[in-house]
Amino acid sequence: FFRMFVQVCLYFYCKCLWRCLKFVVRKLTGRCELQRICYNTKPGAARTMKIEASLKGSKSKRLQTSVSVHPDAIEKTIDDIMELKRINPDINPQLGVSLQACLLQIVGYRNLIAEVEKLRREPYDSENPQHEEMLLKLWKCLKPNSPLKARISKQWCEIGFQGDDPKTDFRGMGLLGLYNLVYFAEWDTEIAQQVLSDSLQPKYSAWQYQDLFSPCSQFSKAEWEKKKFDKAIGYSFAIVGINITDLAYNLLVSGALKTHFYNVAPEAPTLTHFQQTFCYLMHEFHKFWIEEDPLDIMEFNRVREKFHKRILKQLQNPEMALCPHFAASESLINM
């Protein structure tokens, strides 16, 4: 009880002290917290995340709810904020522009979560012509020189589905998994086909004969003769794509992707940004899988979790932007 009492007292003390410090700083600088953030922090994730925290932590309900307004109401919301903070827009014209850009990103991120969630919850329906058309497009993009003999066929295993009918594999991620795979295969076809090829016929392990058979090598000649024929373990391309969709979804919902999106999307992040991120994650996971050189496919969860932690660590840097290495994101790289 005493510990809880101390924690409650400390909480209220810090909260009151923080508000007092903000009041003092405003009197000394003549600027409110929002002004100080916009003027002292460069555009990008660092600024937007500070603005978001400031608005959410405000004692004013109007400011708290400003992060969840409709995109069409953002301009009016900016006017309300300026009025509430008693900021003259004629003297501070750039402030309104900066706040608007930040709010577009914040509101856009929330809307993107809703859009992605809607796709995730929509099941694949083989009676829906659009769903079937997308599935067939996935095959054509990945296997352009191998016509599909039948809608239900063992051929689907060639691109990494588990059975004769891929619809059963989309249960976990719904249409979102299919949308991502089709985007990857359609807009970054060369890389997608290469990743598929490698997953079916893994490259030889990256052991160099001269390095392993050198005097400093830990391998004997007999061990090398056995090791040089080992191949990296392959994986099911489509199933891994659905799994990486789940990883991207969790990064989005947890807020971890705010760093990336706030750095690459000048305004509201869109579904295209999410799909480009998926392409990046697929490409990077493939390289990571080869580097890890797992003993068998049963190590997939371990490798995936290690990869997840690596991405999370990268996203902790407020200046981080996951730089995609695929054609679909050249516009983001040049932004």
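These are my notebook entries on a few spots I looked up in this predicted model.

**Ground rules**

I number residues from 1 along each chain as its sequence is written, and side-chain values use heavy atoms, with hydrogens and water left out. Since the model is predicted, local features need pLDDT of at least 70 and side-chain atom pairs count only at pLDDT 80 or more, while totals for chains, interfaces and linings use all residues.

**Entry 1: the start of the chain**

I looked for greasy surface and found a nonpolar patch of about 530 Å², made by Phe 1, Phe 2, Phe 5 and Val 6. For the patch I took residues with over 30% relative accessible area and no salt bridge, joining nonpolar side chains (Val, Leu, Ile, Met, Phe, Trp, Tyr) within 5 Å and like charges within 9 Å. Areas are Shrake-Rupley with a 1.4 Å probe, and for residues only the protein chains shown count as cover. Phe 5 sits in helix H1, residues 2-29; helices here are DSSP runs (H or I, at least four residues), strands are E runs of at least two, and both are numbered from the N terminus. Phe 5 is partly exposed, at 46% relative accessible area (buried is under 20%, exposed over 50%, partly exposed in between, with a 1.4 Å probe and protein chains only).

**Entry 2: helix H2**

Next I checked H2, residues 33-40, and six of its eight residues are buried. The buried ones are Glu 33, Leu 34, Gln 35, Arg 36, Ile 37 and Cys 38.

**Entry 3: the second largest pocket**

I put its space at about 200 Å³. Of the 15 lining residues, Pro 43, Gly 44, Ala 101, Gln 105 and Pro 266 are the closest to the centre. Helices H3 (45-56), H6 (93-121) and H13 (258-264) each give two or more residues to the lining, and H6 gives the most, with six. A pocket, on a 1 Å grid over the protein atoms alone, is an open set of points where a 1.4 Å probe fits, with protein on both sides within 12 Å along at least five of seven lines; lining residues have an atom within 4 Å of a point. By class I get eight nonpolar, six polar and one charged in the lining.

**Entry 4: salt bridges**

I counted 17 salt bridges, each a side-chain nitrogen of Lys or Arg within 4 Å of a carboxyl oxygen of Asp or Glu.

Lys 56 bridges to Glu 52, with the closest N and O atoms 3.4 Å apart. Both are in helix H3, four residues apart, so about one helical turn separates them. Lys 56 is partly exposed at 45%, but Glu 52 is buried at 6%. Lys 258 also bridges to Glu 52, at 3.0 Å between the closest N and O atoms. Lys 258 is in H13 and Glu 52 in H3, so this pair ties together parts 206 residues apart in sequence. Both Lys 258 and Glu 52 are buried.

I also looked at Asp 164 and Lys 154, whose closest N and O atoms are 3.6 Å apart. Both lie in the loop between H7 (129-142) and H8 (174-187), so the pair ties together parts ten residues apart in sequence. Asp 164 is partly exposed at 30%, whereas Lys 154 is exposed at 62%.

Glu 292, Glu 299, Arg 302 and Lys 306 are linked in a salt-bridge network.

**Entry 5: Trp 289**

Trp 289 is in helix H14, residues 271-292, and is buried at 0% relative accessibility. I noted Val 303 as well: Trp 289 and Val 303 are 14 residues apart in sequence and 6.9 Å apart in space, C-alpha to C-alpha.

Definitions and conventions:
Points joined across faces, edges and corners; volume = space filled by probe spheres on them. Nonpolar A, V, L, I, M, F, W, Y, C, P; charged D, E, K, R; others polar.
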